[in-house]
Amino acid sequence: MAQPPMPGSVRAARVLAYVATGLVALGAVVTGAVAGPAGAGAALGSAIPVIGVFICALCFARSGSGARVTAIVFASFMILFGLGALGRGIPAGIVQLGLGIAIVAALSQRQSGDWFRRPRH
């Protein structure tokens, strides 16, 4: 029996996780060029939730509800880190905040839950 297609909300969450990871990598390179290795390390350290969501997104096609729940938790931390960055006056925090909200919203839909609870062969 063929596996059902991945719902649009799960695909959207996966794409958003990839975009967030690309933005983090770009930000770390730019920060490293401007502020040196310590700045790049700080940029990567503040992006740990993004890296966690990325790792979960890599497993969406074959994983169960654990990957979904873990991705929602990491995306919730993205929201908190984005709010913290905005509170410190870093405007780029709005991007992390927005992506975190979008990922949580996409993975919280019923069709997403159904996808991760599907039977596997």
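Trainee: Leaving aside neighbours within four places in sequence, which residues is Arg14 in contact with?

Mentor: A contact means heavy atoms within 4.5 Å. By that rule, Arg14 is in contact with Met6, Ala57, Phe60 and Ala61. A word on the source: this is a predicted model, where local features need pLDDT of at least 70 and side-chain atom pairs count only at pLDDT 80 or more, while totals for chains, interfaces and linings use all residues. Residues are numbered from 1 along each chain as its sequence is written, and side-chain values use heavy atoms, with hydrogens and water left out.

Trainee: Thanks! Where is the place of Arg14?

Mentor: Helices (H or I, at least four residues) and strands (E, at least two) are DSSP runs, numbered from the N terminus. Arg14 sits in helix α1. The protein has six helices and zero strands, and its pattern along the sequence reads α-α-α-α-α-α.

Trainee: Is Ser112 buried or exposed?

Mentor: Buried means under 20% relative accessible area, exposed over 50%, and partly exposed in between (1.4 Å probe, protein chains only). Ser112, in helix α6, is buried, with a relative accessible area of 0%. Arg14, by contrast, counts as partly exposed at 23%. Of the 121 residues of the protein, 37% count as buried.

Trainee: And what does Ser112 touch, beyond its neighbours within four places in sequence?

Mentor: Ser112 is in contact with Ser9, Val10, Arg68, Ala106 and Leu107. Now follow Leu107: not counting residues up to four places away, it touches Ala13, Phe60, Arg68, Ala71, Ile72, Ser112 and Phe116. The C-alpha atoms of Leu107 and Arg14 are separated by 9.5 Å, although these residues are 93 apart along the chain. For the whole protein, among contacts between residues at least 6 apart in sequence, 69% join residues at least 24 apart.

Trainee: Which residues touch the most other members of the largest nonpolar core?

Mentor: A nonpolar core is a set of buried Ala, Val, Leu, Ile, Met, Phe, Trp, Tyr and Cys residues joined through side-chain atoms within 4.5 Å. The largest one here has 26 residues, and Phe60, Met78, Ile103 and Leu107 touch the most other members. At least two residues of this core come from each of α1, α3 (48-58), α4, α5 and α6 (110-116).

Trainee: How should I read the largest pocket, and how much space lies in it?

Mentor: On a 1 Å grid over the protein atoms alone, a pocket is an open set of points where a 1.4 Å probe fits, with protein on both sides within 12 Å along at least five of seven lines; lining residues have an atom within 4 Å of a point. The largest pocket holds about 490 Å³. It is lined by 20 residues, and the closest to its centre are Val24, Ala43, Ser46, Ala92 and Gln96. The elements giving two or more residues to this lining are α1 (8-35), α2 (37-45), α4 (65-87) and α5 (93-107). Of these, α1 gives the most, with six residues.

Trainee: How many salt bridges does a search of the whole structure find?

Mentor: Side chains of opposite charge can pair when their charged atoms come close. The cut-off for a salt bridge is a side-chain nitrogen of Lys or Arg within 4 Å of a carboxyl oxygen of Asp or Glu. The search finds one. Asp114 and Arg117 meet in a salt bridge through their side chains (3.0 Å, N to O). Asp114 is partly exposed at 42% relative accessible area, whereas Arg117 is exposed at 53%.

Note on methods. Grid points are joined across faces, edges and corners, and a volume is the space filled by probe spheres set on the points.
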